[in-house]
Amino acid sequence: MPLQVLDHPLAFHLLSHLRDKSTPPEQFRVLAENLTTLLVLQATYPIRTREVMVETPLQTTPGKVLGESLAAVPVLRAGLGMLQSVVRLFPDVAVGYIGLERHEDTAIARSYYSKLPCMDNRFTLCLDPMLATGGSAAQAISLIKAAGAMHVTMVSVVSSPEGVAHLQERHPDVNIVTGALDEGLNDKKYILPGLGDFGDRLYGT
Ligand code: PRP
Ligand code: URA
């Protein structure tokens, strides 16, 4: 399935400020929310609509409303920084949570929490800002599919080519929408040039 990389001047602007190491957490959070809004607009482009008739104060006119429900699953912790934008755009979204933490030395993600709603027939977004080795995203999407989701889109702020390849191999049916496709990983499996540790930058840890 396709990889879509945002190509919008505002996305470039927001991402450059997110990458900047001098950006403090309070600004980082706002930038992350705004960039996520652009990502989610792109990710939900294929969502189905339904025709309706609307009564304006002057006459009746045909219109469209959303024809399917949404689910969003942020991967803790860093994915929480993307959730508010989704809730604002889609107030009736069903939200699940998956806790994953990469081991400092091996970079292998360990699952420590999972609470997912029924996602049958929901257009589902997995929210995790950093797609590095792709191990966390692949695990999260396996859990999401096990909870019934059929159409999953991975939404990330920055991705590495290695992470994209890994996710496409493990879940070839999943769309990936990302803010940037970076150069690669360093020996600690951090994305280069990347933006550092997203969770730490979000929460100032
Ligand atoms: C970060 C990030 C992803 C993961 C990406 O989380 O938020 O979940 O690493 O790496 P991967 O593609 O190599 O699996 P981390 O494990 O640092 O936890 P945190 O969100 O609690 O900081
Ligand atoms: N997690 C992050 O927060 N940043 C990276 O570059 C890789 C994993």
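Keep in mind that the model is predicted. The largest pocket comes in at about 830 Å³, and ligand 1 sits in it. The second largest pocket has a volume of about 160 Å³.

**The largest pocket**
- Its lining takes in 31 residues, with L100, E101, R102, Y190 and D197 nearest the centre.
- Strand 4 (70–76), strand 6 (97–102), strand 9 (130–131), helix 4 (135–146) and helix 6 (198–203) each give two or more residues to that lining.
- By class, the lining of the largest pocket splits into 14 nonpolar, seven polar and ten charged residues.

**Ligand 1 and its shell**
- There are 15 residues around ligand 1, and R102, D128, T133, G134 and S136 come nearest.
- Strand 6, strand 9 and helix 4 each put two or more residues into the shell, with strand 6 supplying the largest share at three.
- The shell is made up of six nonpolar, four polar and five charged residues.

**Polar contacts to ligand 1**
- On the side-chain side, a polar atom of D128 is 2.5 Å from a ligand oxygen, while an N or O atom in the side chain of R77 is 2.9 Å from one.
- G134 uses its backbone instead, with an N or O atom 2.8 Å from an oxygen of ligand 1.
- On its own, ligand 1 has 500 Å² of accessible area, and the protein covers 91% of that.

**The second largest pocket**
- Eleven residues line this pocket, and P46, F123, H151, T153 and N175 are the closest to its centre.
- Strand 10 (residues 151–156) gives the most to the lining, with three residues.
- The lining of the second largest pocket divides into five nonpolar, three polar and three charged residues.

Methods
Residues are numbered from 1 along each chain as its sequence is written. Chains are lettered from A and ligands numbered from 1 in the order in which they are written. This is a predicted model: local features need pLDDT of at least 70, side-chain atom pairs count only at pLDDT 80 or more; totals for chains, interfaces and linings use all residues. Side-chain values use heavy atoms; hydrogens and water are left out. On a 1 Å grid over the protein atoms alone, a cavity is a set of points where a 1.4 Å probe fits but cannot get out, and a pocket is an open set with protein on both sides within 12 Å along at least five of seven lines; lining residues have an atom within 4 Å of a point. Grid points are joined across faces, edges and corners, and a volume is the space filled by probe spheres set on the points. Helices (H or I, at least four residues) and strands (E, at least two) are DSSP runs, numbered from the N terminus. Ala, Val, Leu, Ile, Met, Phe, Trp, Tyr, Cys and Pro count as nonpolar, Asp, Glu, Lys and Arg as charged, and the others, Gly among them, as polar. A residue is near a molecule or strand if one of its heavy atoms lies within 4 Å of it. A polar contact is a pair of N or O atoms within 3.5 Å; within protein, one must be able to donate a hydrogen and the other to accept it, and residues adjacent in sequence count only if both atoms are side-chain atoms. Accessible areas come from the Shrake-Rupley method with a 1.4 Å probe; for residues, only the protein chains shown count as cover. A molecule sits in a cavity or pocket if more than half of its atoms lie within 2 Å of its grid points.
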